[in-house]
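Student: Please take one part of this chain, the sheet, and go through it closely. I would like the strand order, the pairing and the turns, and then how the sheet relates to the rest of the chain.

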Amino acid sequence: MYSGLVCPVGKHPLSLDGGHLVCENCGASFPINDGIPELLIEDARLPEGINSIADLKCMKEKNSKK
Ligand SMILES: [Zn+2]
């Protein structure tokens, strides 16, 4: 149902986990509200050990590509 969706930061695939979509690369967890995924990094739940969006693996990869 949610296949083809990717992390808004790193464009890595998302996997469904307990009502959230979790980036397989950086671990950011995106909520699904009424069946609609909210793919905004500002609203994402960060994985354990990550305190800010800038510390996400996807964000670091994105910043290092330029
Ligand atoms: Zn990601």
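Tutor: Helices (H or I, at least four residues) and strands (E, at least two) are DSSP runs, numbered from the N terminus. The model is predicted: local features need pLDDT of at least 70, side-chain atom pairs count only at pLDDT 80 or more, and totals for chains, interfaces and linings use all residues. Residues are numbered from 1 along each chain as its sequence is written.

The 4 strands form an open sheet in the order β1-β2-β3-β4, with antiparallel pairing. Two strands count as paired if DSSP finds at least two bridges between them. β1 and β4 (36-37) are the edge strands, each pairing on one side only. In general, strands of a sheet pair through backbone hydrogen bonds, either parallel or antiparallel.

Consider β2 and β3 next. Strand β3 covers residues 29-33 and pairs with β2 in the antiparallel sense over 3 bridges. Within this pairing, the bridge partner of Val22 is Ser29 in β3, and His20 has Pro31 in β3 as its bridge partner. The two strands form a hairpin with 5 residues between them, and Gly27 in the turn has a positive phi of about 85°.

On the other side is β4. β3 and β4 pair in the antiparallel sense over 2 bridges, and Asn33 stands opposite Ile36 in β4. This hairpin has 2 residues between its strands, and Asp34 in the turn has a positive phi of about 55°.

A residue is buried if 20 or more other C-beta atoms lie within 10 Å of its own, exposed if 12 or fewer, and partly exposed in between; the C-beta atoms are placed from the backbone. Cys23 touches Cys7, Gly10, His12, Leu14, Ala28 and Cys58, not counting residues up to four places away in sequence. A contact is a pair of residues whose C-beta atoms, placed from the backbone, lie within 7 Å.

Gly4 is in the segment before β1 (14-17) and is exposed, because it has 7 other C-beta atoms within 10 Å. The C-alpha atoms of Gly4 and Lys60 are separated by 22 Å, at 56 residues apart along the chain. Ala54 lies in the loop between β4 and α1 (57-65); Ala54 is exposed, with 9 other C-beta atoms within 10 Å. Ala54 and Lys65 are 14 Å apart, C-alpha to C-alpha, and 11 residues apart in sequence.

For the chain as a whole, buried residues make up 21% of the 66 residues. Of the contacts with a separation of 6 or more, 30% come from residues 24 or more positions apart. The C-alpha atoms fill a box of roughly 35 × 25 × 15 Å, taken along the principal axes.

Definitions and conventions. Contact = placed C-beta atoms within 7 Å.
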